[in-house]
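Morning, everyone. I have one structure to walk through today. Please keep the sequence and the model in view.

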Amino acid sequence: MGLPDTNSAKNAILGAIRAINIPPAPLPPLQRSEWITYPDPAAQFAIVLASIGGTCETVADTAELNEKLRHLPAFTTARQIVNLVPHVNLPAEHLLKEQEIADPHHLVDVDLAIMPGEFAVAENGAVWCVTRHLRHRVLYFITQHLALVVPREQIVHNMHQAYERLAWGQAEFGLFLAGPSKTADIEQSLVIGAHGARSLTVFLV
């Protein structure tokens with residue numbers, strides 16, 4: 001007895017699906033007046049971020065940001081640090097210049113990356129990040145710990161407002177980051193840092 005023709009079976013299934021005539025369903029209306037908003041978007045962002053494993057620190061100015069970063073556990077134990085936030089002033093020791101690295105594989109030992117975030121979303125604790133300021137986009141995912149610096153006034157209430165801020169007319173890589181990397185795909189055992197950073201701290205300045 002020969003093996004079944006998998007291509008024929010697949011085509012038969014796809015043909016049966018295509019033959020189903022499902023009438024189109026109208027999209028739900030998007031009334032701006034019904035979009036969720038919060039009295040204090042920054043406070044809501046911090047609550048949601050904490051609920052998904054991240055940490056939010058609100059700082060008054062650059063001086064306090066630098067002080068908080070120096071006391072971050074991921075900083076005090078780091079052997080390789082990449083900083084891409086211009087106004088952050090950290091000791092040169094252990095600092096790695098990402099722009100001078102040609103092979104992204106050489107970023108494998110980065111312990112802490114300090115990166116700018118464009119804006120934050122109070123609804124789900126996400127931060128929109130773009131890669132125009134760095135050479136290797138993999139840095140967002142290969143670092144052991146990640147710190148994002150976001151202007152405090154750049155917080156939107158919901159994802160509707162977030163999508164309104166995205167630039168669709170230009171080629172650019174961007175991503176929403178929400179919390180540290182985690183997965184429980186295998187035997188429902190939670191693993192932190194499987195696909196990205198093991199910790200995420202967002203500084204609202």
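I will go through strands first, then rings, then charges.

This is a predicted model, so to speak of local features we need pLDDT of at least 70, and side-chain atom pairs count only at pLDDT 80 or more, while totals for chains, interfaces and linings use all residues. Residues are numbered from 1 along each chain as its sequence is written, and side-chain values use heavy atoms, with hydrogens and water left out.

Strands. Helices (H or I, at least four residues) and strands (E, at least two) are DSSP runs, numbered from the N terminus. Two strands pair if DSSP finds at least two bridges between them.

Take strand β6, residues 145–150. Is β6 enclosed or open? Six of its six residues are buried, so β6 is largely enclosed by the rest of the structure. Buried means under 20% relative accessible area, exposed means over 50%, and partly exposed is in between (1.4 Å probe, protein chains only). H145, A147 and V149 cover one side of β6, and L146, L148 and V150 the other. In a regular strand, side chains alternate between the two faces of the sheet.

β6 has parallel partners. Strand β3 (residues 112–116) pairs with β6 over five bridges, in the parallel sense. There, M115 has L148 as its bridge partner. Strand β11 (residues 199–204) also pairs with β6 in the parallel sense, over six bridges.

Next, an open sheet. Four strands run in the order β7-β4-β5-β8, with mixed pairing. β7 (155–156) and β8 are the edge strands, and each pairs on one side only. β4 (residues 119–121) and β7 pair in the parallel sense over two bridges. A120 stands opposite I155. β5 and β8 are antiparallel, over four bridges. Here V130 faces G174 in β8. The covered face of β8 holds L175 and L177; the uncovered one holds G174 and F176.

That brings us to rings. Rings of Phe, Tyr and Trp (its six-membered ring) pair if their centres lie within 6.5 Å; planes under 30 degrees apart count as stacked, over 60 as edge-to-face and the rest as tilted. How many aromatic pairs are there? Five. W128 and F176 have ring centres 4.8 Å apart and planes at 55°, so this pair is tilted. W128 sits in strand β5 (residues 126–130) and F176 in strand β8 (residues 174–177), 48 residues apart. W128 is buried at 14% relative accessibility. F176 is partly exposed at 26%. Ring pairs join F119, W128, Y163, W168 and F176 into a cluster.

Last, charges. A salt bridge is a side-chain nitrogen of Lys or Arg within 4 Å of a carboxyl oxygen of Asp or Glu. The count is four. R32 bridges to E164, with the closest N and O atoms 2.4 Å apart. R32 is in the loop between α1 and α2 (41–51), and E164 is in helix α6 (residues 159–165), so the pair ties together parts 132 residues apart in sequence. R32 is partly exposed at 47%, and E164 is partly exposed at 47%. R132 and E118 form a salt bridge, their closest N and O atoms being 3.8 Å apart. R132 is exposed, at 54%. E118 is partly exposed, at 29%. E118, R132 and E172 are linked in a network of salt bridges.

That is the tour.
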